[in-house]
Amino acid sequence: MPFKVTEGVIKLGLRVCSHRTLFHFRSVSLKDTYVSIQSFPHIWSSKQSQTCFSGTFGSPVKFYSQRADHNDELQVGNHLLSPSVPPDEIQSGETLSAQRQGTFPFFKHLQCCGSPSDVLGLTCKYSPTIEQISHCFSHMWSTTKNMSYERRRYELQLMFEQPAFDKLLQMAMKNVGRMGHEDINYCLLSMVSLGVPQRSRVVQTFLRACQDKLNDFDEKSLSILASSLKHMEEIPNVVALRDGMRLVVEGRLPRIKSVKCLQSMMGLVGKDAPRDLRWKLEKKALSMMDQFSLPNAQYMISIMAIMNFHSKPLLSICSKMILENLHLMPFNRLYEVLLACKELMYRDIDLLTGISEYVASFRDIFTNKQVLLILSVFESLGFCPAALMEANAEKVISNPEVLTLRDILCVLKVYSSLNYDLQHQRQKFLDSVSHVLNCYLPKMSGFELLRAVHSLSVMGHFPSAPLEHLLQESMLEQLAASELAKICQKKFQTLDLCLRLDRPTLPQPLTVPTFVQEESILTSMSIKQRLAQDLKSLLGDQEKTMLQEMVVVENFYFIDGVVTKPLTNQTCVTEAGEQFSSPEKCQRFAVIYTPNSGFCYGTSHPRGALAVKLRHLKILGYDLVLVTESELQLASQEKRVDYLRGHIFPENRRSETLPEMENLG
């Protein structure tokens, strides 16, 4: 279809939708239409059913401006670049802004305003022009960004209570038809960010104006509009605009020659873009890869995270470019790339290892907070950055006093979850962390203390002071009655098993009461059919060997199959108490199916929960045979049985055992 025809269809569809929905919204005074905002539940009246922009104070979006009163980034959240204009376009337009400030005293006064109330006072003194209306709204939102929570809440309450705010909104609604494209979109963005009800007449009027002019919007205006719509309700005018924007992007795609323009267009389509459009964007991006710079590669991964679009070819090319230029990347860009990888669950071993080694090599130039942020992302990806873990452990051992409480909790979570083996430094590291933890005991909440003690117990370390403090009756009752009781129960059950099975040396015996532990939920678990068939095939000709399926140990650990094999001239007793053969000892093999998530990514090294399970089963006298998810699905039955035979009956082992399975032994 020719592009002109597409434009006509878009405009006709948007006009029909807007006429159907515009008059469903009555004209009201905005100060009387307060609604609930999640971050400030007690500012607005609960009488209204409208729901304000949910991302006002916490959405992962940045907005860039070319205008004087948009000179700061309109930032909500701080972890991803937005689908708006790329960073290197921020500074254009400074000369024009300077001329405006020199020509019009209004702009000079506006820059001196430090709160929304100051801006409203200025509008009472000077009647703003059509262009100045947009600047007023933008500056009102800009002034609140860096305020504390309480100050921002107070200032927004004052703003909505002032008649001047209602007057400014009425003025904006009256003049929306004469505003420039950017002014319309900046007004809409600022209104939504400030919490003006989305179903109010003023917001709906601006949405209709955007519909009427959508085909005339340039890349910058579309980007600002996309930022406004990102977290708005699924009301008819918003849905129509989103659909229309995707049609505009698809229509303009063949004419795009710039990587920056392409990335902006990709950001506009959002997570719900049709599959065909995603493929077209991917094909266009791959055709322009020879134009990609390092910032383009970084930004592309962030854009794909915003789109929730996992394109392996694009990710692979961008990752390679980033890996080759790590030394040129500041921390914030590096962190944004990792966050995007986390959003996409994209794990490139070379890229993650390269980042780990780079940060470890220059550990001293990064702050503790920066290193822990990176470690936290690695942990959520299930990747163990060995070089960085080692370097950070040395830093903790040499200077533990610099760690804040939040730092300690993060360190303990990461090191216990990834089950990193510090070898000869293990005891020094645990002692250093425990010493600092003791200093924070009076300041810690019950849940923070439980998190810390749980992580230490997973690592097999049991400092007495935190344990005694946690297991006080008053503390236990407080946690049992808290909103996090379910989470606490799981952690307490693990702690109880560690105290009973690891049997640490403590000044006085400590136990975890049953009323804070979780009841067993293993009754619904079952053995994998393939694994059951493999075990039966293996033991078919073994008369003196017994197989038990779905065994639960200590009312907590599930074992897919227990193979009980008698030693020469000795008796075996099964889990059910049955005797066979003759007198006394036997060898028990716990065959455990383990999902890939139980191991650190790309390795056969067990993570925290699995590591504790294996440690405790060894204490209980089991020999362990692990069967991973990928091996159960990909290997043939013959090779799977041969692998099991090699571990349970090594004397009958065949030579064709899978090499990768052998590594698990």
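**Note on a predicted 665-residue protein model**

1. At 47% relative accessibility, Phe515 counts as partly exposed, where buried means a relative accessible area under 20%, exposed means over 50%, and partly exposed lies in between (1.4 Å probe, protein chains only). Phe515 is found in the loop between α25 (485-502) and α26 (529-538); helices here are DSSP runs of H or I with at least four residues, strands are runs of E with at least two, and both are numbered from the N terminus. Once neighbours within four places in sequence are left aside, Phe515 is in contact with Leu476 and Ala480, contact meaning heavy atoms within 4.5 Å. Phe515 and Gln489 are 26 residues apart in sequence, while their C-alpha atoms are 8.7 Å apart in space.

2. A word on the basis of these values: this is a predicted model, in which local features need pLDDT of at least 70 and side-chain atom pairs count only at pLDDT 80 or more, whereas totals for chains, interfaces and linings use all residues. Residues are numbered from 1 along each chain as its sequence is written, and side-chain values use heavy atoms, with hydrogens and water left out.

3. For the overall picture, the protein has 30 helices and eight strands, and buried residues make up 55% of its 665 residues. Among contacts between residues at least 6 apart in sequence, 69% join residues at least 24 apart.

4. Which residues of the largest nonpolar core touch the most other members? They are Phe137, Phe206, Tyr415 and Phe492, in a core of 173 residues; a nonpolar core is a set of buried Ala, Val, Leu, Ile, Met, Phe, Trp, Tyr and Cys residues joined through side-chain atoms within 4.5 Å. Helix α14 (residues 294-307) gives the most to this core, with 10 residues. Apart from this core lies another, of 18 residues, among them Leu531, Leu535, Val563 and Tyr643. In soluble globular proteins, nonpolar side chains tend to be buried together.

5. Helix α10 (residues 219-229) has 11 of its 11 residues buried, so it is largely enclosed by the rest of the structure. The buried residues of α10 include Glu219 and Lys220 as well as Leu222, Ile224 and Leu225.

6. The axes of helix α5 (residues 130-145) and helix α8 (residues 181-194) come within 8 Å and cross at roughly 30°; axes are lines fitted to C-alpha atoms, for helices over the stretch in contact, and angles run from 0 to 180 degrees between N-to-C directions. The two helices, α5 and α8, are therefore roughly parallel to each other, given that angles under 35 degrees count as roughly parallel, over 145 as roughly antiparallel, 65 to 115 as roughly perpendicular and the rest as oblique. In this pair, residues of α5 including Phe137, Met140 and Trp141 take part in the contact, and those of α8 include Tyr186, Met191 and Leu194. By class, the contact has eight nonpolar, four polar and two charged residues, where Ala, Val, Leu, Ile, Met, Phe, Trp, Tyr, Cys and Pro count as nonpolar, Asp, Glu, Lys and Arg as charged, and the others, Gly among them, as polar.

7. Helix α4 (residues 116-125) and helix α6 (residues 149-161) pack at an angle of about 25°, with their axes 8 Å apart, and that makes α4 roughly parallel to α6. Pro116, Ser117 and Leu120 in α4 meet Glu155, Leu158 and Met159 in α6.

8. Two loop residues can be set side by side. Arg607, in the loop between β7 (586-594) and α27 (608-619), counts as buried at 17% relative accessibility, and among the residues that Arg607 touches beyond four places in sequence are Glu379, Ser417, Asn419 and Phe599. Ala273, in the loop between α12 (259-269) and α13 (275-287), is buried with a relative accessible area of 8% and touches Arg246 and Arg278, not counting residues up to four places away in sequence.

9. Most residues other than glycine have a negative phi, and most peptide bonds are trans. Asn308, however, has a positive phi of about 55° although it is not a glycine, and Asn308 lies in the loop between α14 and α15 (312-324), partly exposed at 47%. Met345 likewise has a positive phi, near 50°, and is found in the loop between α16 (331-344) and α17 (349-361), partly exposed with a relative accessible area of 41%.
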